[in-house]
Amino acid sequence: MRSFRDRDRAGDRVGDRDPALRARRWAGGLALALVLPLAGCATDAGDGADSGRPGASSTAPAPSATAAPEVRAQLRVDGDIRQYLLHRPPAPAADGEGDGPKPLLIAFHGRGADAAELRAKTRLERAATARGMLVAFPEGLGHGWGAGAQATKQRPDPALDVRFTEALIKHLVRTERADPGQVYVAGFSNGGSMALRMAAERPALLAGAASVSGQLPTGAAAVEPTGSVPVMVVYGADDPVRPLSGLPSPPPDPEEPILPTRSARDSAAAFAAAGGAGEPVTRAEKGYDRTVWRLGKDAPGGDRRPGGTVQLLVVDDAGHTWPGSTVPPPEGFGPVSKALDATDTILDFFTDPGPGH
């Protein structure tokens with residue numbers, strides 16, 4: 001098993017390859033249609049333009065025990081109609097048991113992908129709804145997310161997707177009885193970086209965050225954690241698209257929204273520092289290394305999740321892929337590890353963000 005130093009060197013070598021080419025192959029691979037059984041449609045179509053807030057009026061159906069488990073829905077934010085796919089947990093029992101507020105997971109797809117692709121690759125909706133969680137897969141504008149704090153041609157307003165995510169959470173708390181104290185975000189690649197941005201800039205809004213193959217942006221687009229929140233970063237040791245050691249600054253091809261990033265370890269360590277964590281402990285597990293920082297109680301927001309942690313899982317013989325997925329990755333993205341099921345691992349972490357077993 002290689003050390004972190006060996007893996008960082010390997011990351012430097014693969015960083016010389018062209019990630020933009022990999023991204024174009026990824027987008028091409030997504031041209032295959034994924035058919036979704038749509039059960040309904042909800043729209044929040046208030047004005048909202050130029051305000052940074054969702055519209056005040058809504059035609060979204062109120063939640064009910066007989067609601068369909070899946071809907072394709074819309075939400076107007078900042079004058080744009082934003083799309084998302086919502087999965088509901090099974091209807092509560094006839095006696096009303098289980099009809100209380102539900103945990104909510106927001107899952108961000110990768111660059112060039114969409115909600116359907118992430119849904120198929122991760123099966124998050126199956127694992128989460130079986131645990132009584134609502135799952136929303138939002139669609140990024142231009143099939144991507146503004147994960148960095150720098151204004152760009154595609155994202156002249158770099159906070160647009162942060163406000164959209166905030167509005168989506170508030171909307172689902174209001175219309176679907178999502179529990180505001182149990183809101184989580186997760187994502188893959190660019191979507192993983194978006195999840196980390198939400199955790200960094202809105203820690204009080206979240207009970208946990210997870211990123212697979214996504215790191216914190218750096219340089220002019222840098223995102224800095226501002227409070228204590230449990231975070232898990234899962235990363236392939238041999239990622240050829242977004243290397244473990246981070247993307248160079250500037251990247252080989254500055255095609256948006258590819259941004260320079262910190263290494264996976266530095267991304268996790270930034271959250272640990274913001275959460276008042278002490279020194280990390282690293283141990284080898286079957287097929288991956290786990291590094292754990294225990295969050296401090298005296299950090300801002302540290303008393304909300306006592307015993308919480310920041311964790312970095314570096315997966316052996318894994319590429320720019322979702323560990324445990326049954327969907328073959330595009331050519332050039334590297335292998336999918338079967339030593340770890342990222343979906344169950346992340347959901348288990350959200351349930352109990354303490355030290356891994």
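Guide: Leu172 counts as buried, at 0% relative accessibility. Buried here means under 20% relative accessible area; exposed is over 50%, and partly exposed lies in between (1.4 Å probe, protein chains only). This is a predicted model, in which local features need pLDDT of at least 70, side-chain atom pairs count only at pLDDT 80 or more, and totals for chains, interfaces and linings use all residues. Residues are numbered from 1 along each chain as its sequence is written, and side-chain values use heavy atoms, with hydrogens and water left out.

Leu172 sits in helix H5. Helices (H or I, at least four residues) and strands (E, at least two) are DSSP runs, numbered from the N terminus. Leaving out residues up to four places away in sequence, Leu172 touches Tyr84, Leu86, Leu104, Ile106, Ala136, Arg177 and Ala178. Contact means heavy atoms within 4.5 Å. Take Leu86 from that list. Leu172 and Leu86 are 86 residues apart along the chain, yet their C-alpha atoms are separated by 9.6 Å.

Ile106 is another of those partners. Beyond its neighbours within four places in sequence, Ile106 contacts Ala136, Pro138, Leu168, Ile169, Leu172, Tyr184, Val185 and Ala186. In soluble globular proteins, nonpolar side chains tend to be buried together.

Now look at the helix itself. H5 covers residues 160–176 and H6 covers residues 190–201; their axes come within 11 Å and cross at roughly 75 degrees. That makes H5 roughly perpendicular to H6, a label for angles of 65 to 115 degrees; under 35 is roughly parallel, over 145 roughly antiparallel, and the rest oblique. The axes are lines fitted to C-alpha atoms, for helices over the stretch in contact, and angles run from 0 to 180 degrees between N-to-C directions. From H5, the contact uses Asp161, Val162, Thr165 and Glu166. From H6, Met194, Arg197, Met198 and Glu201 take part. By type, these residues divide into 3 nonpolar, 1 polar and 4 charged. Ala, Val, Leu, Ile, Met, Phe, Trp, Tyr, Cys and Pro count as nonpolar, Asp, Glu, Lys and Arg as charged, and the others, Gly among them, as polar.

Most residues other than glycine have a negative phi. Arg177 has a positive phi near 60 degrees. Arg177 lies in the loop between H5 and strand E6 (178–188), and is partly exposed at 37% relative accessible area. Ser189 is not a glycine either, and its phi is positive at about 60 degrees. Ser189 belongs to the loop between E6 and H6. In contrast to the partly exposed Arg177, Ser189 is buried, at 7% relative accessibility.

H7 is followed by Gly276, whose phi is positive, near 65 degrees.

Pro225 lies in the loop between strand E7 (208–212) and E8, and is buried at 14% relative accessibility. Residues up to four places away aside, Pro225 touches Ala200, Leu216, Ala270, Phe271 and Ala274. Pro225 and Ala272 are 47 residues apart in sequence and 9.0 Å apart in space, C-alpha to C-alpha. Leu247 is found in the loop between E8 (231–236) and H7 (264–274). Leu247 is buried too, with a relative accessible area of 6%.

Step back to the whole chain. The protein chain has 8 helices and 11 strands. Of its 357 residues, 56% count as buried. Among contacts with a separation of 6 or more, 69% join residues 24 or more positions apart.
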